[in-house]
Amino acid sequence: MLAQSSGINLLAAYGLIAHALIFGAAAALLPVGELRPRLGLVATALALFVGFAPILHSLFGAPSLTLLQLAILQLANRTPSPLGYRPALALLALAALLYPAALGWGASDPYAWGYQPWGLLAALALLAVALWWRRLDSWLLILAVDLAGYAGGLFVNLWDALFDPLLVLLAASVVVRRWLLRFIASGLR
């Protein structure tokens, strides 16, 4: 009610807060030792008050709930991150299929499936069973929150709740970092 009376909708408010938390999580990656958690919190507050969060929101739109949850885990100093090499590769593979087709480089638009997502929900149910079977509780919780955000009406397209371009960039950085470390390690032998 308050968000509507002040002229800002729920998705915009979510986007601003989420981008502030993501900015804080990125700052918490800096190698400052024991100050990392404090730096993350200060950066989160600065992102809101100085204007970094609105800039990020205007450039990228509302981030996915997946990215927000990964940022919160980073701010909570949870290591290792659930976004390891294999999940990052899976996200990149999904993005490689989804984004070009959404731009018209194919016979169908899988992004449109997110508006009437019954088939997508069935696939996600299978994914949830696989996550439960492999005891990947962090990813199962992330998926559950994503689905709750979509079901609650925060996002009108299920794909938007699941992933976004910033998450794809994060996944690409995880993969490239791993490749670079392997390349450096192989050069030292």
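Which residues form one aromatic cluster? Tyr99, Trp159 and Phe163 do. The model is predicted, and the values below are computed from it.

**Overall fold**

The protein is built from 10 helices and 0 strands. From the N terminus on, the elements run α-α-α-α-α-α-α-α-α-α. The C-alpha atoms fill a box of roughly 50 × 40 × 35 Å along the principal axes. Among contacts with a separation of 6 or more, 74% join residues 24 or more positions apart. The accessible surface comes to about 11700 Å². Carbon and sulfur atoms hold 72% of that surface.

**Helix H2**

Helix H2 covers residues 10-27, 18 residues in total. From first C-alpha to last, H2 reaches 26 Å, close to the 26 Å expected at 1.5 Å a residue. Asn9 caps the N-terminal end of H2. A side-chain oxygen of Asn9 lies 3.2 Å from the backbone nitrogen of Leu11.

The buried residues of H2 include Ala13, Tyr14, Gly15, Ala18, His19 and Ile22. Gly24, Ala25 and Ala27 are also among them. What do the buried residues of H2 pack against? Their partners are helix H3 (36-50), helix H4 (52-60), helix H5 (65-75) and helix H10 (165-187).

**Aromatic pairs**

The structure holds 6 aromatic pairs. In one of them, the ring centres of Tyr14 and Phe155 are 5.7 Å apart and the planes stand at 85°, so the pair is edge-to-face. This pair links distant parts of the chain, 141 residues apart. Tyr14 sits in helix H2, and Phe155 in the loop between H8 and helix H9 (158-162). Tyr14 is buried because its relative accessibility of 11% is under 20%. Phe155 is buried too, with a relative accessible area of 5%.

**An exposed loop residue**

Where is Arg135 placed? Arg135 lies in the loop between helix H7 (118-133) and helix H8 (137-151). Arg135 is exposed, because its relative accessible area of 70% is over 50%. The C-alpha atoms of Arg135 and Pro87 are separated by 14 Å, and the two residues are 48 residues apart along the chain.

| Residue | Relative accessible area and class |
|---|---|
| Tyr14 | 11%, buried |
| Phe155 | 5%, buried |
| Arg135 | 70%, exposed |

Notes. Residues numbered from 1 in each chain as written. Predicted model: local features only at pLDDT ≥ 70, side-chain atom pairs only at ≥ 80, totals over all residues. Heavy atoms only, no water. Helix = DSSP H or I, 4+ residues; strand = E, 2+ residues; numbered from the N terminus. Expected span 1.5 Å × (residues − 1). Buried < 20%, exposed > 50% of the residue type's maximum accessible area, 1.4 Å probe, protein only. Contact = heavy atoms within 4.5 Å. Polar contact = N/O pair within 3.5 Å; in protein donor to acceptor, adjacent residues only side chain to side chain. Areas by Shrake-Rupley, 256 points an atom, 1.4 Å probe, with all protein chains shown as cover. Phe/Tyr/Trp six-rings, centres within 6.5 Å; stacked < 30°, edge-to-face > 60°.
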